[in-house]
Amino acid sequence: DTAKLLIEPSNTLSALQEAAELLKNTNDPVAFPTETVYGLGADARRTDAVYSIYKAKNRPADNPLIVHIASLDQLRRLISKGQPLKSKDSDLPDSSLIPQIYKPLIDRFWPGPLSIILPVKNNEHPPVSPIVTANQPTFAVRMPQHPVALALMALSDVPLAAPSANASTRPSPTQAKHVYNDLQGKIPLILDGGSCGVGLESTVVNGLCYPPVILRPGGVSLEQIRDCGGVWVNTQVYKPTAVNTEKNFIPQTPGMKYRHYSPTAKVMLFLDYKEREAMDCLYDQLRQKNMDKDEARIGVLCSRKWKKEVFGEFSNLTFLDLGEEGSEITKNLFAHLRELDLKGVDFVLVEGVAEDNEGLAIMNRLSKAASMVFTKDSPS
Ligand code: TXA
Ligand code: MG
(Lines give C-alpha, C1' and ligand atoms only; values in the text may rest on other atoms or scores of the structure.)
(Ligands and ions follow the chains in the order given, each with its own letter.)
Protein backbone atom coordinates (compact mmCIF):
# COMPACT_ATOMS: atom_id res chain seq x y z
CA ASP A 1 0.00 0.00 0.00
CA THR A 2 2.97 2.29 -0.41
CA ALA A 3 1.80 4.49 -3.22
CA LYS A 4 4.28 5.51 -5.83
CA LEU A 5 5.66 8.94 -5.25
CA LEU A 6 5.84 11.25 -8.21
CA ILE A 7 7.65 14.53 -8.35
CA GLU A 8 6.27 16.50 -11.22
CA PRO A 9 7.16 19.90 -12.59
CA SER A 10 4.09 21.66 -11.36
CA ASN A 11 3.97 24.17 -14.15
CA THR A 12 2.47 21.56 -16.39
CA LEU A 13 -1.28 21.50 -16.57
CA SER A 14 -1.39 17.71 -16.48
CA ALA A 15 0.41 17.57 -13.11
CA LEU A 16 -2.01 20.12 -11.67
CA GLN A 17 -4.96 18.17 -13.07
CA GLU A 18 -3.65 14.93 -11.61
CA ALA A 19 -3.29 16.62 -8.23
CA ALA A 20 -6.77 18.15 -8.45
CA GLU A 21 -8.28 14.73 -9.26
CA LEU A 22 -6.56 13.17 -6.25
CA LEU A 23 -7.90 15.92 -3.98
CA LYS A 24 -11.45 15.61 -5.30
CA ASN A 25 -11.74 11.85 -5.68
CA THR A 26 -9.47 10.20 -3.13
CA ASN A 27 -8.41 10.62 0.47
CA ASP A 28 -4.74 10.88 -0.48
CA PRO A 29 -2.97 14.12 0.43
CA VAL A 30 -0.92 16.03 -2.15
CA ALA A 31 2.24 18.05 -1.45
CA PHE A 32 2.36 21.44 -3.12
CA PRO A 33 4.54 24.57 -2.99
CA THR A 34 3.47 27.76 -1.25
CA GLU A 35 5.49 30.96 -0.92
CA THR A 36 6.29 30.04 2.71
CA VAL A 37 7.01 26.29 2.81
CA TYR A 38 5.62 23.20 1.06
CA GLY A 39 2.19 22.16 2.31
CA LEU A 40 0.55 18.74 2.50
CA GLY A 41 -3.03 19.32 1.45
CA ALA A 42 -6.37 17.52 1.52
CA ASP A 43 -10.01 18.60 1.34
CA ALA A 44 -10.61 20.49 4.59
CA ARG A 45 -14.30 19.50 4.60
CA ARG A 46 -13.78 15.74 4.49
CA THR A 47 -12.60 14.03 7.68
CA ASP A 48 -11.27 10.92 5.91
CA ALA A 49 -9.12 13.06 3.63
CA VAL A 50 -7.82 15.23 6.47
CA TYR A 51 -7.05 12.17 8.55
CA SER A 52 -4.60 11.00 5.88
CA ILE A 53 -2.53 14.16 6.45
CA TYR A 54 -2.08 13.41 10.15
CA LYS A 55 -1.21 9.85 9.27
CA ALA A 56 1.40 10.67 6.59
CA LYS A 57 3.12 13.24 8.82
CA ASN A 58 2.71 11.27 12.02
CA ARG A 59 1.25 14.45 13.48
CA PRO A 60 -0.36 14.53 16.94
CA ALA A 61 -4.14 14.75 16.57
CA ASP A 62 -4.45 17.78 18.88
CA ASN A 63 -2.33 20.10 16.71
CA PRO A 64 -4.79 21.90 14.39
CA LEU A 65 -4.22 22.57 10.68
CA ILE A 66 -4.39 25.75 8.61
CA VAL A 67 -7.08 25.92 5.91
CA HIS A 68 -5.96 27.38 2.58
CA ILE A 69 -8.28 29.17 0.20
CA ALA A 70 -7.74 30.55 -3.31
CA SER A 71 -10.21 33.44 -3.14
CA LEU A 72 -12.41 35.38 -0.74
CA ASP A 73 -15.37 33.90 -2.55
CA GLN A 74 -14.17 30.41 -1.64
CA LEU A 75 -13.85 31.51 1.99
CA ARG A 76 -17.30 33.07 1.92
CA ARG A 77 -18.86 29.86 0.64
CA LEU A 78 -17.00 27.87 3.29
CA ILE A 79 -18.02 29.94 6.30
CA SER A 80 -21.53 30.76 5.23
CA LYS A 81 -22.44 27.12 4.81
CA GLY A 82 -25.95 26.57 6.10
CA GLN A 83 -26.52 30.28 6.63
CA PRO A 84 -28.63 32.60 4.50
CA LEU A 85 -26.34 34.85 2.47
CA LYS A 86 -26.73 38.47 3.46
CA SER A 87 -24.59 40.17 0.89
CA LYS A 88 -25.53 39.18 -2.63
CA ASP A 89 -22.53 39.24 -4.89
CA SER A 90 -20.04 41.07 -2.78
CA ASP A 91 -16.62 39.54 -2.98
CA LEU A 92 -15.85 40.13 0.68
CA PRO A 93 -17.51 37.89 3.22
CA ASP A 94 -19.81 40.08 5.31
CA SER A 95 -18.54 41.39 8.58
CA SER A 96 -20.64 39.08 10.70
CA LEU A 97 -18.39 36.35 9.33
CA ILE A 98 -15.02 38.10 9.31
CA PRO A 99 -14.19 40.26 12.35
CA GLN A 100 -13.36 43.87 11.49
CA ILE A 101 -9.86 43.69 12.93
CA TYR A 102 -8.79 41.39 10.09
CA LYS A 103 -9.98 43.62 7.25
CA PRO A 104 -6.87 45.79 6.88
CA LEU A 105 -4.66 42.72 7.27
CA ILE A 106 -6.54 40.82 4.58
CA ASP A 107 -6.40 43.85 2.28
CA ARG A 108 -2.69 44.20 2.71
CA PHE A 109 -1.34 40.69 3.14
CA TRP A 110 -3.61 38.33 1.19
CA PRO A 111 -2.59 36.52 -0.83
CA GLY A 112 0.46 36.07 1.38
CA PRO A 113 2.08 34.57 4.48
CA LEU A 114 -0.58 35.46 7.06
CA SER A 115 -3.02 33.07 8.76
CA ILE A 116 -6.00 34.40 10.73
CA ILE A 117 -8.05 32.62 13.36
CA LEU A 118 -11.80 32.60 12.72
CA PRO A 119 -14.63 31.31 14.89
CA VAL A 120 -16.47 28.12 13.97
CA LYS A 121 -19.87 29.73 14.30
CA ASN A 122 -22.27 27.16 13.08
CA ASN A 123 -21.90 23.86 14.86
CA GLU A 124 -24.63 22.24 12.80
CA HIS A 125 -22.73 23.00 9.62
CA PRO A 126 -19.10 23.43 10.63
CA PRO A 127 -17.10 24.93 7.76
CA VAL A 128 -14.35 22.33 8.03
CA SER A 129 -13.89 18.85 9.48
CA PRO A 130 -13.58 18.86 13.27
CA ILE A 131 -10.20 17.16 12.96
CA VAL A 132 -8.86 20.21 11.08
CA THR A 133 -9.51 22.30 14.17
CA ALA A 134 -8.64 19.54 16.65
CA ASN A 135 -12.15 20.12 18.03
CA GLN A 136 -11.49 23.74 18.91
CA PRO A 137 -14.18 26.39 18.34
CA THR A 138 -11.85 28.24 15.93
CA PHE A 139 -9.98 27.53 12.72
CA ALA A 140 -6.99 29.10 11.01
CA VAL A 141 -7.19 30.22 7.38
CA ARG A 142 -4.88 31.80 4.84
CA MET A 143 -4.76 32.68 1.15
CA PRO A 144 -1.29 31.71 -0.10
CA GLN A 145 0.50 33.63 -2.79
CA HIS A 146 2.16 30.87 -4.77
CA PRO A 147 0.65 30.48 -8.25
CA VAL A 148 0.75 26.67 -8.04
CA ALA A 149 -1.12 26.63 -4.73
CA LEU A 150 -3.70 29.08 -6.06
CA ALA A 151 -4.09 27.19 -9.34
CA LEU A 152 -4.50 23.87 -7.55
CA MET A 153 -7.31 25.17 -5.34
CA ALA A 154 -8.99 27.04 -8.17
CA LEU A 155 -8.85 24.02 -10.47
CA SER A 156 -10.16 21.56 -7.87
CA ASP A 157 -12.41 24.06 -6.08
CA VAL A 158 -11.25 22.37 -2.89
CA PRO A 159 -10.30 24.37 0.23
CA LEU A 160 -7.15 22.67 1.47
CA ALA A 161 -6.28 21.83 5.03
CA ALA A 162 -2.49 21.90 4.83
CA PRO A 163 0.21 21.75 7.44
CA SER A 164 3.84 21.97 6.38
CA ALA A 165 4.75 18.87 4.36
CA ASN A 166 7.52 17.61 6.65
CA ALA A 167 7.41 14.57 8.87
CA SER A 168 6.34 15.75 12.32
CA THR A 169 9.27 17.31 14.32
CA ARG A 170 11.46 17.77 11.20
CA PRO A 171 12.28 21.22 9.78
CA SER A 172 9.60 22.47 7.37
CA PRO A 173 10.34 21.67 3.71
CA THR A 174 11.30 24.51 1.40
CA GLN A 175 12.14 22.30 -1.62
CA ALA A 176 10.36 19.33 -3.19
CA LYS A 177 13.27 17.05 -2.34
CA HIS A 178 12.81 17.82 1.37
CA VAL A 179 9.24 16.55 1.14
CA TYR A 180 10.46 13.51 -0.75
CA ASN A 181 13.05 12.70 1.91
CA ASP A 182 10.44 12.86 4.69
CA LEU A 183 7.32 11.41 3.07
CA GLN A 184 8.36 9.05 0.28
CA GLY A 185 6.15 5.98 0.28
CA LYS A 186 3.48 7.82 2.28
CA ILE A 187 1.94 10.18 -0.27
CA PRO A 188 1.21 9.76 -3.97
CA LEU A 189 2.28 13.12 -5.43
CA ILE A 190 4.53 16.12 -4.89
CA LEU A 191 4.14 19.16 -7.10
CA ASP A 192 7.59 20.65 -7.55
CA GLY A 193 7.59 24.44 -7.59
CA GLY A 194 11.28 24.96 -6.83
CA SER A 195 12.51 26.72 -3.69
CA CYS A 196 10.00 28.59 -1.54
CA GLY A 197 10.61 32.34 -1.63
CA VAL A 198 9.86 33.14 2.03
CA GLY A 199 11.21 29.95 3.58
CA LEU A 200 9.50 30.25 7.00
CA GLU A 201 5.85 29.50 7.73
CA SER A 202 3.07 32.07 7.80
CA THR A 203 2.45 34.39 10.71
CA VAL A 204 -0.56 33.13 12.71
CA VAL A 205 -2.67 35.85 14.34
CA ASN A 206 -5.68 35.73 16.66
CA GLY A 207 -7.84 38.85 16.55
CA LEU A 208 -10.74 37.21 18.40
CA CYS A 209 -9.32 38.14 21.80
CA TYR A 210 -8.24 41.42 23.38
CA PRO A 211 -5.50 42.36 23.05
CA PRO A 212 -5.10 40.60 19.71
CA VAL A 213 -2.10 38.28 19.63
CA ILE A 214 0.53 36.87 17.33
CA LEU A 215 0.45 33.11 17.94
CA ARG A 216 3.37 32.37 15.63
CA PRO A 217 5.72 34.93 14.09
CA GLY A 218 6.36 34.22 10.42
CA GLY A 219 6.43 35.61 6.91
CA VAL A 220 4.65 38.86 7.85
CA SER A 221 6.50 40.75 10.58
CA LEU A 222 5.03 42.09 13.82
CA GLU A 223 6.01 45.59 12.66
CA GLN A 224 4.04 45.16 9.42
CA ILE A 225 1.00 43.92 11.33
CA ARG A 226 1.07 46.79 13.84
CA ASP A 227 1.38 49.14 10.90
CA CYS A 228 -2.19 48.21 9.97
CA GLY A 229 -3.48 49.34 13.39
CA GLY A 230 -4.29 47.47 16.58
CA VAL A 231 -2.30 46.74 19.73
CA TRP A 232 -0.94 43.41 18.57
CA VAL A 233 0.95 41.50 21.22
CA ASN A 234 3.57 38.90 20.44
CA THR A 235 3.08 35.84 22.65
CA GLN A 236 6.24 34.19 21.35
CA VAL A 237 8.91 36.58 22.61
CA TYR A 238 12.17 34.81 23.04
CA LYS A 239 13.31 35.58 26.59
CA PRO A 240 16.76 34.65 27.81
CA THR A 241 16.34 33.24 31.30
CA ALA A 242 19.88 32.74 32.57
CA VAL A 243 23.23 34.40 32.56
CA ASN A 244 25.91 32.59 30.67
CA THR A 245 29.00 31.95 32.66
CA GLU A 246 31.76 29.63 31.53
CA LYS A 247 29.73 26.60 30.58
CA ASN A 248 26.32 27.72 31.60
CA PHE A 249 23.50 27.43 29.16
CA ILE A 250 19.76 27.53 29.06
CA PRO A 251 18.26 24.13 28.53
CA GLN A 252 15.48 24.64 26.03
CA THR A 253 12.26 24.97 28.00
CA PRO A 254 9.45 22.95 26.53
CA GLY A 255 7.34 26.11 26.39
CA MET A 256 5.63 24.86 23.31
CA LYS A 257 4.17 21.44 23.52
CA TYR A 258 5.82 19.85 20.52
CA ARG A 259 9.36 19.32 19.40
CA HIS A 260 10.01 21.36 16.31
CA TYR A 261 12.54 21.67 13.55
CA SER A 262 14.76 19.18 15.27
CA PRO A 263 17.85 18.18 13.44
CA THR A 264 19.62 15.11 14.81
CA ALA A 265 22.63 17.19 15.80
CA LYS A 266 22.83 19.20 19.01
CA VAL A 267 22.10 22.79 18.02
CA MET A 268 23.85 25.48 20.06
CA LEU A 269 22.37 28.94 19.52
CA PHE A 270 24.46 32.01 20.44
CA LEU A 271 23.30 35.55 20.99
CA ASP A 272 25.98 38.21 20.62
CA TYR A 273 28.84 35.75 20.88
CA LYS A 274 32.09 36.07 19.01
CA GLU A 275 33.43 32.99 17.22
CA ARG A 276 36.04 32.32 19.91
CA GLU A 277 33.50 32.51 22.74
CA ALA A 278 31.19 30.14 20.91
CA MET A 279 34.02 27.70 20.27
CA ASP A 280 34.89 27.71 23.98
CA CYS A 281 31.34 26.61 24.76
CA LEU A 282 31.66 23.89 22.15
CA TYR A 283 34.92 22.68 23.69
CA ASP A 284 33.06 22.32 27.00
CA GLN A 285 30.50 20.15 25.29
CA LEU A 286 33.16 18.04 23.58
CA ARG A 287 34.93 17.50 26.89
CA GLN A 288 31.69 16.44 28.55
CA LYS A 289 31.12 13.91 25.79
CA ASN A 290 34.75 12.79 25.67
CA MET A 291 34.89 13.70 22.02
CA ASP A 292 38.05 14.59 20.19
CA LYS A 293 37.94 17.91 18.36
CA ASP A 294 39.20 16.30 15.18
CA GLU A 295 36.67 13.50 15.31
CA ALA A 296 33.65 15.62 16.02
CA ARG A 297 31.74 16.74 12.96
CA ILE A 298 30.95 20.41 13.44
CA GLY A 299 28.43 22.49 11.52
CA VAL A 300 28.37 26.29 11.70
CA LEU A 301 25.53 28.50 10.53
CA CYS A 302 26.66 32.10 10.38
CA SER A 303 24.37 35.02 9.77
CA ARG A 304 26.05 38.40 9.93
CA LYS A 305 29.46 38.50 11.58
CA TRP A 306 31.05 35.11 12.04
CA LYS A 307 33.93 34.26 9.70
CA LYS A 308 34.85 30.81 8.47
CA GLU A 309 38.61 31.19 9.04
CA VAL A 310 38.16 31.52 12.78
CA PHE A 311 36.70 27.99 12.91
CA GLY A 312 39.69 26.61 10.98
CA GLU A 313 40.96 24.61 13.96
CA PHE A 314 38.14 22.10 13.42
CA SER A 315 39.20 19.71 10.70
CA ASN A 316 35.73 18.23 10.32
CA LEU A 317 33.87 21.48 9.62
CA THR A 318 30.85 22.36 7.49
CA PHE A 319 30.41 26.11 7.41
CA LEU A 320 27.19 27.45 5.85
CA ASP A 321 26.26 31.07 5.36
CA LEU A 322 22.63 31.95 6.08
CA GLY A 323 23.01 35.40 4.54
CA GLU A 324 22.92 38.92 5.90
CA GLU A 325 19.49 40.21 4.96
CA GLY A 326 16.58 38.88 7.01
CA SER A 327 14.86 37.70 3.83
CA GLU A 328 17.93 35.70 2.77
CA ILE A 329 18.20 34.10 6.20
CA THR A 330 14.54 33.03 6.24
CA LYS A 331 14.92 31.54 2.79
CA ASN A 332 18.02 29.51 3.70
CA LEU A 333 17.36 28.50 7.30
CA PHE A 334 15.46 25.22 7.02
CA ALA A 335 17.37 24.06 3.93
CA HIS A 336 20.68 24.63 5.73
CA LEU A 337 19.51 22.79 8.85
CA ARG A 338 18.56 19.84 6.66
CA GLU A 339 21.88 19.96 4.82
CA LEU A 340 23.80 19.76 8.08
CA ASP A 341 21.65 16.84 9.13
CA LEU A 342 22.48 14.98 5.92
CA LYS A 343 26.16 15.57 6.63
CA GLY A 344 25.62 13.85 9.97
CA VAL A 345 27.16 16.62 12.06
CA ASP A 346 27.31 16.16 15.82
CA PHE A 347 27.04 19.82 16.77
CA VAL A 348 25.66 22.89 15.02
CA LEU A 349 26.80 26.33 16.18
CA VAL A 350 24.40 29.06 15.11
CA GLU A 351 24.95 32.81 15.14
CA GLY A 352 21.66 34.35 16.32
CA VAL A 353 20.15 37.59 14.99
CA ALA A 354 18.37 40.61 16.48
CA GLU A 355 14.66 40.10 16.98
CA ASP A 356 13.32 42.84 14.76
CA ASN A 357 11.52 42.44 11.43
CA GLU A 358 12.28 38.96 10.03
CA GLY A 359 14.55 38.39 13.04
CA LEU A 360 11.63 37.63 15.35
CA ALA A 361 10.49 34.64 13.31
CA ILE A 362 14.07 33.53 12.66
CA MET A 363 14.91 33.49 16.38
CA ASN A 364 11.62 31.75 17.14
CA ARG A 365 12.50 28.87 14.79
CA LEU A 366 16.14 28.77 15.86
CA SER A 367 15.33 28.64 19.54
CA LYS A 368 12.96 25.74 18.89
CA ALA A 369 15.63 23.88 16.93
CA ALA A 370 18.23 24.53 19.62
CA SER A 371 18.92 22.30 22.56
CA MET A 372 21.14 24.99 24.10
CA VAL A 373 20.78 28.76 23.98
CA PHE A 374 23.75 30.85 25.07
CA THR A 375 23.12 34.45 26.03
CA LYS A 376 24.86 37.22 27.88
CA ASP A 377 21.66 38.89 29.02
CA SER A 378 20.69 38.93 32.66
CA PRO A 379 17.93 36.61 33.74
CA SER A 380 14.53 38.26 33.61
O1 TXA B 1 3.04 28.91 6.01
C2 TXA B 1 2.30 28.09 6.57
O3 TXA B 1 1.49 28.43 7.43
C4 TXA B 1 2.42 26.62 6.12
C5 TXA B 1 2.00 26.53 4.66
C6 TXA B 1 1.87 25.10 4.19
O7 TXA B 1 0.82 27.24 4.46
N8 TXA B 1 1.60 25.79 6.97
C9 TXA B 1 1.95 25.52 8.25
O10 TXA B 1 1.10 24.66 8.90
O11 TXA B 1 2.93 25.96 8.76
P12 TXA B 1 1.48 23.93 10.27
O13 TXA B 1 0.43 22.92 10.50
O14 TXA B 1 2.84 23.41 10.19
O15 TXA B 1 1.31 25.02 11.34
C16 TXA B 1 0.01 25.44 11.70
C17 TXA B 1 0.05 26.29 12.93
C18 TXA B 1 0.27 25.45 14.16
O19 TXA B 1 1.19 26.10 14.99
C20 TXA B 1 -1.10 25.40 14.78
O21 TXA B 1 -1.04 25.22 16.17
C22 TXA B 1 -1.69 26.74 14.38
O23 TXA B 1 -1.19 26.96 13.08
N24 TXA B 1 -3.14 26.70 14.34
C25 TXA B 1 -3.94 26.09 13.44
N26 TXA B 1 -5.25 26.23 13.77
C27 TXA B 1 -5.29 26.94 14.91
C28 TXA B 1 -6.34 27.40 15.76
N29 TXA B 1 -7.63 27.15 15.53
N30 TXA B 1 -5.98 28.10 16.86
C31 TXA B 1 -4.69 28.36 17.13
N32 TXA B 1 -3.65 27.94 16.37
C33 TXA B 1 -3.94 27.24 15.28
MG1 MG C 1 4.62 22.61 10.60
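This is a predicted model: local features need pLDDT of at least 70, side-chain atom pairs count only at pLDDT 80 or more; totals for chains, interfaces and linings use all residues.
The peptide bond that joins Trp110 and Pro111 is cis. Its omega is about -5 degrees. A cis peptide bond also joins Tyr210 and Pro211, with omega of about -5 degrees. Pro211 belongs to the loop between strand E9 (203–206) and strand E10 (213–216).

Asn135 is not a glycine, yet its phi is positive, at about 65 degrees. This residue, Asn135, is placed in the loop between E5 and strand E6 (138–142).

Two helices were then examined as a pair. The axes of helix H9 (residues 326–342) and H10 come within 9 Å. They cross at roughly 20 degrees. Angles under 35 degrees count as roughly parallel, and H9 and H10 are therefore roughly parallel to each other. Their crossing is left-handed. On the H9 side, the contact is made by Gly326, Ser327, Ile329, Thr330, Leu333, Phe334 and Leu337. On the H10 side, these residues meet Glu358, Ile362, Arg365, Leu366 and Ala369. By residue class, the contact of H9 with H10 has seven nonpolar, three polar and two charged residues.

Two cavities of 30 Å³ or more were found. The largest cavity has a volume of about 80 Å³. Its lining is made up of 11 residues. Closest to the centre of the largest cavity are Ile79, Leu97, Pro119, Lys121 and Pro127. The lining of this largest cavity comprises six nonpolar, three polar and two charged residues.

The second largest cavity holds about 60 Å³ of space. Residues that line the second largest cavity include Thr203, Ile214, Pro217, Gly218, Val220 and Ser221. Leu222, Ile225, Asn357, Glu358, Leu360 and Ala361 also line the second largest cavity. Which helices each supply at least two residues of this lining? They are helix H7 (222–226) and helix H10 (358–369). H10 gives the most to the lining of the second largest cavity, with three residues. Seven residues of this lining are nonpolar, four are polar and one is charged. Glu358 lines the second largest cavity and is also among the H10 residues that meet H9.

Terms used. Residues are numbered from 1 along each chain as its sequence is written. Chains are lettered from A and ligands numbered from 1 in the order in which they are written. Side-chain values use heavy atoms; hydrogens and water are left out. On a 1 Å grid over the protein atoms alone, a cavity is a set of points where a 1.4 Å probe fits but cannot get out, and a pocket is an open set with protein on both sides within 12 Å along at least five of seven lines; lining residues have an atom within 4 Å of a point. Grid points are joined across faces, edges and corners, and a volume is the space filled by probe spheres set on the points. Ala, Val, Leu, Ile, Met, Phe, Trp, Tyr, Cys and Pro count as nonpolar, Asp, Glu, Lys and Arg as charged, and the others, Gly among them, as polar. Helices (H or I, at least four residues) and strands (E, at least two) are DSSP runs, numbered from the N terminus. Axes are lines fitted to C-alpha atoms, for helices over the stretch in contact, and angles run from 0 to 180 degrees between N-to-C directions. Angles under 35 degrees count as roughly parallel, over 145 as roughly antiparallel, 65 to 115 as roughly perpendicular and the rest as oblique. A crossing is left-handed if the near helix is turned anticlockwise from the far one by less than a right angle, and right-handed if clockwise. Contact means heavy atoms within 4.5 Å.
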